[in-house]
Amino acid sequence: MSGWNTAKRFWKSAAVAETEVGFAVELDGRPLKTPAKTPAVVPTRALAEAIAAEWDAQGEQIDPMSMPVTRCANSALDKVAQQHAEVADMLAEYGGTDLLCYRADSPEALVQRQAEAWDPVLDWIAETYGARLTPVAGVMFQGQDAGALESLRLKVHEMDNFELAAFHDLVCLSGSLVLGFAAVSDFAPIDELWSLSRIDESWQEEQWGEDEEAQEQAEIKKTAFKNAYLFNRLRKQ
């Protein structure tokens, strides 16, 4: 959407039109297209209506950063659709070094906090996807069971372009393939899942105090994480 950064509003209203292949967004009756000139056609009316609402909410100047649903749809249509297998493989690789598997070896209070927070999610992924990942203390690499990783990899490859676009942000922002699956499966409230990805940072803040700049960056990432979750919910409605 970089080409829209300096563009001015040129339409009066946005609307949704049902097509044979999905739901299209139109600006004054003309089809909306992505930066790569792909027609903005999405799988559900709810998703199309959310995109249309973002365009309707624009002022005189287009602000791409105020349009997270549109941006994720663009990614699905222009990027993921062109390299689905590559994106799926890249995300599946997070399972081999998943955040939830690398634990502190001290202090004991942090060790216990990580176990209490993360073990139930690892148990869930094992029960749901047949993929038992093993925690390790310290930062030294420990290989995971190949069968477990393959099971998760296949599940990622089953995602359609729109789910994979949202999943990309959920995994990369949290640093965890497991938390990405937990988010798209509604394992827990999205704010709680974000907090699970911040166990170590929260501990450091408790010990040494908050850093204002780090807090601002964390809030930006949290918002993006929640936007990706919302996009996936709209994709399913």
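Asp211, Glu212, Glu213 and Glu216 form a negative surface patch. A patch joins residues with over 30% relative accessible area and no salt bridge, like charges being joined within 9 Å; Asp and Glu count as negative. A salt bridge is a side-chain nitrogen of Lys or Arg within 4 Å of a carboxyl oxygen of Asp or Glu. This is a predicted model, in which local features need pLDDT of at least 70 and side-chain atom pairs count only at pLDDT 80 or more, while totals for chains, interfaces and linings use all residues. Residues are numbered from 1 along each chain as its sequence is written, and side-chain values use heavy atoms, leaving out hydrogens and water.

Helices are DSSP runs of H or I with at least four residues, and strands are runs of E with at least two, numbered from the N terminus. Glu213 is exposed, at a relative accessible area of 58%; exposed means over 50%, buried under 20%, and partly exposed in between, with a 1.4 Å probe and protein chains only.

The backbone deserves attention as well. Most residues other than glycine have a negative phi, and most peptide bonds are trans. The bond from Ser106 to Pro107 is cis, with omega near -10 degrees. Pro107 is placed in the loop between strand S5 (102-103) and helix H4 (108-129).

Lys37, which is not a glycine, has a positive phi near 70 degrees. Lys37 sits in the loop between strand S3 (30-31) and strand S4 (41-42) and is exposed, at 60% relative accessibility. Asp186 also has a positive phi, of about 55 degrees. Asp186 lies in the loop between helix H7 (177-184) and helix H8 (190-196), and is partly exposed, with a relative accessible area of 35%.

How values were computed. Patch = residues over 30% accessible without salt bridge, like charges linked within 9 Å, V, L, I, M, F, W, Y side chains within 5 Å. Areas by Shrake-Rupley, 256 points an atom, 1.4 Å probe, with all protein chains shown as cover. Charge placed at Lys NZ, Arg CZ, Asp CG, Glu CD.
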